[in-house]
Amino acid sequence: MKEKSLAIIIGIIVLAAFIIPFTLLKDVEKWYGSFLFWLILTLIVIACNTILTKDWGNEE
Amino acid sequence: MNVSLIWWGLGIYIAVSVFIAFLSRTGKQTNMGAYFLGDRKMGGFVSALSYSATTYSAFMLVGLAGLTYRGGIGALGFELIYLMGVSLISFFGPRFWIVGKKYGYITPSEMIGDRYQSKAVAIAIAISNCLFLIPYSAVQLAGVGYLLQGVSNQQISFSSGVIIAVILAIIFAYIAGMRSVAWTDSLQSLFMIIGSTLVVLFLIHELGGFAGFFQQLETNHPEMLTVPGNGYFSFLTFIGLTIPWFFFSISNPQVSQRLFMPASLKSMRHMLLGFMIFGLIYTFVSIFWGYSAFLLEPGLDNPDLATPVVLSSSAIPPVLAVIVMVGIIAAAVSTIDSILLTLSSMFAKDVYGNIRKDTTDRVQLKIGKFIIPVIALLAYLFAELQLDLIAVLSVASSAGLIVVVPAIIGAFFWKRGTAAAVLASTIIPGTLVLILELLQAKPFGLASGLWGLILSTLLFIFVSLFTNAPTQKANEFIDYIKENLQNKK
């Protein structure tokens, strides 16, 4: 089911957004460290929402 | 900053937005749905801008910029995780919308009360929302007061700023209800984002372009690019701040009520995606604003002053500073007017409508309209008092509202949830959050919102298991959604 699998993907991304900057990226003192990482994750989440809502119809 | 320039900026902003508010007055709003929900006919574009303006308050360019100034990149992570949390709309949005149409719900608390078949639930949630959101509005009003006082070098008094903001919020909310709020919000969101984006681009250019900007940070302040960085954003602080905000889109009634309003699910899609793009840009603008303040005026004791200090410094041409100032005031006012409208509808529908028997929609609308200036007056008085308690309640608002989250999730996904569990899981943890905030206590290093969420989840589940669920309503409600989710897509 599309809704469930995208919920899991978004859940994993959010977990990564909490964990990775505090572990793997904690010494990367560059713009391509946490700054870029969080930006990319957010873009992926926006893409997931685009997919999730793709079939939302015009019916009132 | 030159005072006459400030008045000119304010004058233009007020004239244009009041004009738009009057323009929005078409048709007659003679019932609750028309006045408080824009007749459930909101288009996607206006909904997206209005949702953005309501969500983003003066907090962004003052508080979030201040957090960046104080702790560095963790502020970006905090705000972007909030934005990721708005994905909850992809799951809850259509569900709110479908039952909103079927049962004619006006407020989220009315929906929860009906779903759990309990008037007490609707009343309790409505009152607790008022308890946290009126002080939150008061702090926004006070923010406008301090901002004008600061940038004018004390020449415009604190009270003048507060009075201007409260009168504007009443006008925008009163003239045509949700229609005038949505239209003026849309205009104000453009003030917020266009002005501040231009000014931040200007600042970055002055600081040597993006390359030079990052180079200064990487060379001189590398700790500002990592978490925990300078230590401010410890992991526990970070999750304590972030988790309550993650659920903002379903826990805060002034935004969750918006899920009843779009004309179609397609409009809701435009609202959601439009908001996410707006939010992404505005977040980066606020973070860059905070970093610029840090590079231009380092060493301030109170990071909340970073914005006023940079605005009145020589780094920014006065005209640009006035544009940002107007953007911040617009952000505050556009949040307060929506809160005014939401709380008034809750008072009329959930408190008055449930306590007085046999009230009609017409009477509730009258009460709702009457209560708008009353709530505004309360927020105004709180702002003028400048009590510490108000600040505490305001900070506690995201933590205090989060306790409703288990009940909301349960409403849509767990037929076993009960009214007694909703009452226990909102009142007890809500009180706990207040006590922890008043005492400034963080047991085991966890912030109040986390304790609130953990306790309310446990209470909701356990009390539900030992009390009777409204089985018939639960089945009808959840099955109706299931059938219609397929059809509407």
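B:Arg40 counts as partly exposed, because 19 C-beta neighbours fall inside 10 Å. The cut-off for a buried residue is 20. The model is predicted. B:Arg40 sits in the loop that links α2 (32-37) to α3 (44-55) of chain B. Its phi is near 55 degrees, a positive value in a residue other than glycine. Most residues other than glycine have a negative phi.

B:Asn153 also has a phi near 55 degrees, again positive in a residue other than glycine. Its loop runs between α8 (119-151) and α9 (158-174) of chain B. The positive phi comes just after α8(B). Is B:Asn153 buried or exposed? B:Asn153 is exposed, because 11 other C-beta atoms lie within 10 Å. For comparison, a residue counts as exposed at 12 or fewer.

## A cis peptide bond

One peptide bond of chain B needs a note. The bond from B:Val227 to B:Pro228 is cis, and its omega is near -10 degrees. Most peptide bonds are trans. Where is B:Pro228? B:Pro228 belongs to the loop between α11 (209-220) and α12 (235-246) of chain B.

## Overall build of chain B

Chain B is built with 23 helices and zero strands. The C-alpha trace spans about 65 × 50 × 45 Å along the principal axes.

Of the 489 residues in chain B, 61% are buried.

α8(B) has 33 residues. From first C-alpha to last, α8(B) reaches 48 Å, close to the 48 Å expected at 1.5 Å a residue. How many residues of α8(B) are buried? The count is 27 of the 33, so α8(B) is largely enclosed by the rest of the structure.

Helix α10 (residues 178-206) of chain B has 29 residues, which should span 42 Å at 1.5 Å a residue. The end C-alpha atoms of α10(B) are 41 Å apart, which agrees. α10(B) is mostly covered, with 21 of its 29 residues buried. Just after α10(B), B:Gly208 takes a positive phi of about 100 degrees.

## The nonpolar core

The largest nonpolar core holds 192 residues. Which residues touch the most other members? They are B:Leu141, B:Ala165 and B:Met325. Helix α17 (residues 318-355) of chain B gives the largest share of this core, 21 residues.

B:Met325 is in contact with B:Ile6, B:Gly9, B:Leu147, B:Val151 and B:Leu311, leaving aside neighbours within four places in sequence. In soluble globular proteins, nonpolar side chains tend to be buried together.

## A glycine at a helix end

B:Gly85 is part of helix α5 (residues 74-85) of chain B. B:Gly85 counts as buried, because 22 C-beta neighbours lie inside 10 Å.

Which residues does B:Gly85 contact, beyond neighbours within four places in sequence? The partners are B:Trp245, B:Phe246, B:Phe247, B:Phe248 and B:Ser249. B:Ile243 is 158 residues from B:Gly85 along the chain, yet the two C-alpha atoms are separated by 9.1 Å.

## Chain A: annotated spans

UniProt, in an unreviewed entry, lists residues 7-25 and 31-52 of chain A as "transmembrane region". Residues 7-25 of chain A are 68% helix and 0% strand, and the end C-alpha atoms lie 25 Å apart. Residues 31-52 of chain A are 86% helix and 0% strand, with end C-alpha atoms 31 Å apart.

## Where chain A meets chain B

The contact takes 34 residues from chain A and 30 residues from chain B. On the side of chain A that touches chain B, the elements giving two or more residues are α1 (2-19) and α2 (34-52) of chain A. Which element gives the most? α2(A) does, with 10 residues. By class, this side of chain A has 18 nonpolar, eight polar and eight charged residues.

Notes: Residues are numbered from 1 along each chain as its sequence is written. Chains are lettered from A and ligands numbered from 1 in the order in which they are written. This is a predicted model: local features need pLDDT of at least 70, side-chain atom pairs count only at pLDDT 80 or more; totals for chains, interfaces and linings use all residues. Helices (H or I, at least four residues) and strands (E, at least two) are DSSP runs, numbered from the N terminus. UniProt positions are given in the numbering used here, feature names are shortened, and annotations may be inferred rather than shown by experiment. Two residues are in contact if their C-beta atoms, placed from the backbone, lie within 7 Å. Ala, Val, Leu, Ile, Met, Phe, Trp, Tyr, Cys and Pro count as nonpolar, Asp, Glu, Lys and Arg as charged, and the others, Gly among them, as polar. A nonpolar core is a set of buried Ala, Val, Leu, Ile, Met, Phe, Trp, Tyr and Cys residues joined through C-beta atoms within 7 Å. The expected span of a helix is 1.5 Å times one less than its number of residues.
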